[in-house]
Amino acid sequence: RGSWEDPLPFTVNEAAAALQPKLRSADGATISPEIGAGVSRRVNDLIVDVQTIEHNYGDEVRALKTVSAQFQRGETTAIIGQNGSGKSTLAFHLVGILHPTNPEGRVLVDGLDVRKTPLRELIQHVNYVFQNPDDQLFQETVAGEIEYGLKNLGIPSEERKRRLEWAVDRFGLQSYVDLPPKSLSRGLRTKT
């Protein structure tokens with residue numbers, strides 16, 4: 001966890017200006033805004049490739065208009081913009097919740113076409129974490145919440161049990177495993 005002492009940025013330009021001095025590479029050197037300029041990358045460095053996607057909600061709302069982007073392995077990328085600018089719609093495309101409404105649009109994650117890849121396989125490469133942890137909690141018990149993803153990945157019962165015990169011990173949830181996740185304090189809910 002970190003803290004942010006400066007006033008929060010409200011525009012894309014303010015965010016870029018505020019974040020730039022805080023960015024550091026693994027060796028501690030400050031990263032310049034031109035870090036990618038003129039640098040050729042190997043194809044296997046590309047982890048997400050968004051190719052001319054569009055998304056319309058019905059006939060009334062065009063949420064994305066010809067969006068293309070590439071995300072490189074090891075980079076941290078922030079998708080920022082005004083409310084209603086398409087950030088969530090784009091993020092939902094990256095994880096296969098939504099698909100481009102234009103037939104030529106493609107989203108590739110680790111070379112997998114999100115439109116054609118089964119969710120069970122896709123979630124091993126990419127996933128979505130909601131801003132509000134309560135939006136992610138829907139099982140009846142904390143144990144059920146912890147096991148949910150493991151079941152969807154097809155993890156056998158004995159291995160799920162072992163991993164559940166590890167997670168309960170790791171995060172100090174022994175007293176809460178049979179309680180509804182939403183009954184826990186916010187601090188505990190973010191652990192499950």
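Which residue in E2 does Val 48 stand opposite? Phe 71 is the residue in E2 that faces Val 48. This is a predicted model. The briefing covers a four-stranded sheet and the packing of helix H4 with helix H5.

**The sheet**
- Four strands make up an open sheet, in the order E2-E1-E3-E4.
- Their pairing is antiparallel.
- Eight bridges join E1 (residues 46–57) to E2.
- Strand E2 (61–72) and strand E4 (112–113) are the edges, each with a single partner strand, so one side of each has no neighbour in the sheet.
- Helix H2 (residues 87–94) packs on the sheet and touches E1, E2 and strand E3 (106–109).
- The direction of H2 makes about 125 degrees with that of E1.

**The H4–H5 pair**
- Two packed helices are described by the angle between their axes and the distance between the axes.
- Helix H4 (residues 142–152) packs with helix H5 (residues 157–170) at about 135 degrees, and their axes are 10 Å apart.
- That angle makes H4 oblique to H5.
- The crossing of the two helices is right-handed.
- H4 brings Ala 143, Ile 146, Glu 147, Leu 150 and Lys 151 to the contact.
- H5 meets them with Arg 160, Lys 161, Arg 163, Leu 164, Ala 167 and Val 168.
- By class, this contact has six nonpolar, five charged and no polar residues.

**Burial in H4 and what follows**
- Buried residues of H4 are Val 142, Ala 143, Gly 144, Glu 145, Ile 146, Glu 147 and Leu 150.
- H5 is part of what covers them.

Notes:
Residues numbered from 1 in each chain as written. Predicted model: local features only at pLDDT ≥ 70, side-chain atom pairs only at ≥ 80, totals over all residues. Heavy atoms only, no water. Axes fitted to C-alpha atoms, helices over the stretch in contact; angles between N-to-C directions. Parallel < 35°, antiparallel > 145°, perpendicular 65-115°, else oblique. Left-handed = near helix turned anticlockwise from the far one by under 90°. Contact = heavy atoms within 4.5 Å. Nonpolar A, V, L, I, M, F, W, Y, C, P; charged D, E, K, R; others polar. Buried < 20%, exposed > 50% of the residue type's maximum accessible area, 1.4 Å probe, protein only. Pairing = 2+ DSSP bridges.
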